[in-house]
Amino acid sequence: MGRVIALVSGKGGVGKTTITANLGIALSKHGLNVCVIDADIAMANLSLLLNMQNSPITMHDVLLGEANIQDAIYDGPAGLKFVPSGLSLESYRRIDSERLQGIIDSIKGQFDFILLDCAAGIEKNVLAAIAASDEVLLITMPTSPSIADVLKAKITAQRLGSKAIGVIINFVRDEKGEIKKDDVMKMLELPVLASVPFDDEVRRSFMQESVMPIMVRKPTTPAAIAIQKAAAKLSGLSVQVEEPKKGNSVSRFLNRLFSIFKRKPKNSGDKK
Ligand SMILES: Nc1ncnc2c1ncn2[C@@H]1O[C@H](COP(=O)(O)OP(=O)(O)O)[C@@H](O)[C@H]1O
Ligand SMILES: [Mg+2]
């Protein structure tokens, strides 16, 4: 049975789609059977990044019960398989995303990894994608608002019975004021699988003449190398995940901020 991993964040624009595509290709290059699914059923950005926006049968059709999931699986770059979302707003309105779980369960046996590129936040469709996953990978920027938001996503995942397995920090510039990797690990109580630097090559992925993820176009660029390390850690084909160093305390301000989110609401037991 394959591992179904949802890539989630609090805010949009933190790099979920970019990391889903590149992580999927990196895992595929390791010889693994990987399917990436565009679970952002409103925006469908993954198709654009993979340059596959003309795929006729989409997840919309499958969710509407009008097509079989097997007919919505396409060949992507580097041996990757890909399920596009749809572009029609009209079908988006009619979709019942709760069917996602059954659809994903039906293809689990075909792959080593199924990666779900989620929408931002914790709205209904995101909850359906998290519920359909076994594991959740959090994507955040190295700033406290972004980390605070992703913490909410982590708590949501726990309540839905999906295991948060780690964090990828994206847009790292090593500037003053950024939250350091060790502090991110402490705040989220999860290992950091990669610190992906801000990299101009990533932005060029969307340029008209060269739409293709960096893992295909330029796998030696720093962001691609960081994502390859995350892929190796995820698949267990490489070194152990780094754990937080002891004795390095998070600042008082951040401790206060995060203790607010970690407080258990009265009379609400977690589902697990
Ligand atoms: N490490 C990075 N360096 C530079 N640009 C990046 C990086 N990661 C993502 N981007 C760019 O940021 C924008 C948002 O990324 P995207 O993956 O679409 O985010 P999300 O799916 O979380 O909304 C895109 O234009 C993408 O090319
Ligand atoms: Mg996206």
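**View 1. The largest cavity has a volume of about 30 Å³.** This is a predicted model, in which local features need pLDDT of at least 70, side-chain atom pairs count only at pLDDT 80 or more, and totals for chains, interfaces and linings use all residues; side-chain values use heavy atoms, with hydrogens and water left out. Residues are numbered from 1 along each chain as its sequence is written. The structure holds 1 cavity of 30 Å³ or more. A cavity here is a set of points, on a 1 Å grid over the protein atoms alone, where a 1.4 Å probe fits but cannot get out, and lining residues have an atom within 4 Å of a point. Volume is the space filled by probe spheres set on the points, which are joined across faces, edges and corners. Take a look at the lining: Ala 39, Ile 41, Leu 63, Ser 97, Leu 100 and Asn 125. By class, that is 4 nonpolar, 2 polar and no charged residues (nonpolar: Ala, Val, Leu, Ile, Met, Phe, Trp, Tyr, Cys and Pro; charged: Asp, Glu, Lys and Arg; polar: the others, Gly among them).

**View 2. The largest pocket holds about 420 Å³ of space.** A pocket is an open set of points with protein on both sides within 12 Å along at least five of seven lines. Of its 25 lining residues, Gly 13, Val 14, Gly 15, Lys 16 and Thr 18 lie nearest the centre. Helix α1 gives the most to this lining, with 3 residues. The lining as a whole has 13 nonpolar, 7 polar and 5 charged residues.

**View 3. Eight strands form an open sheet with mixed pairing.** The order is β3-β4-β2-β5-β1-β6-β7-β8; strands are DSSP runs of E, at least two residues long, and helices runs of H or I, at least four, numbered from the N terminus. Two strands pair if DSSP finds at least two bridges between them. Strands β1 (residues 3-8) and β5 (residues 113-117) run parallel, joined by 5 bridges. Val 4 has Ile 114 as its bridge partner in β5.

Technical notes:
Chains lettered and ligands numbered in written order.
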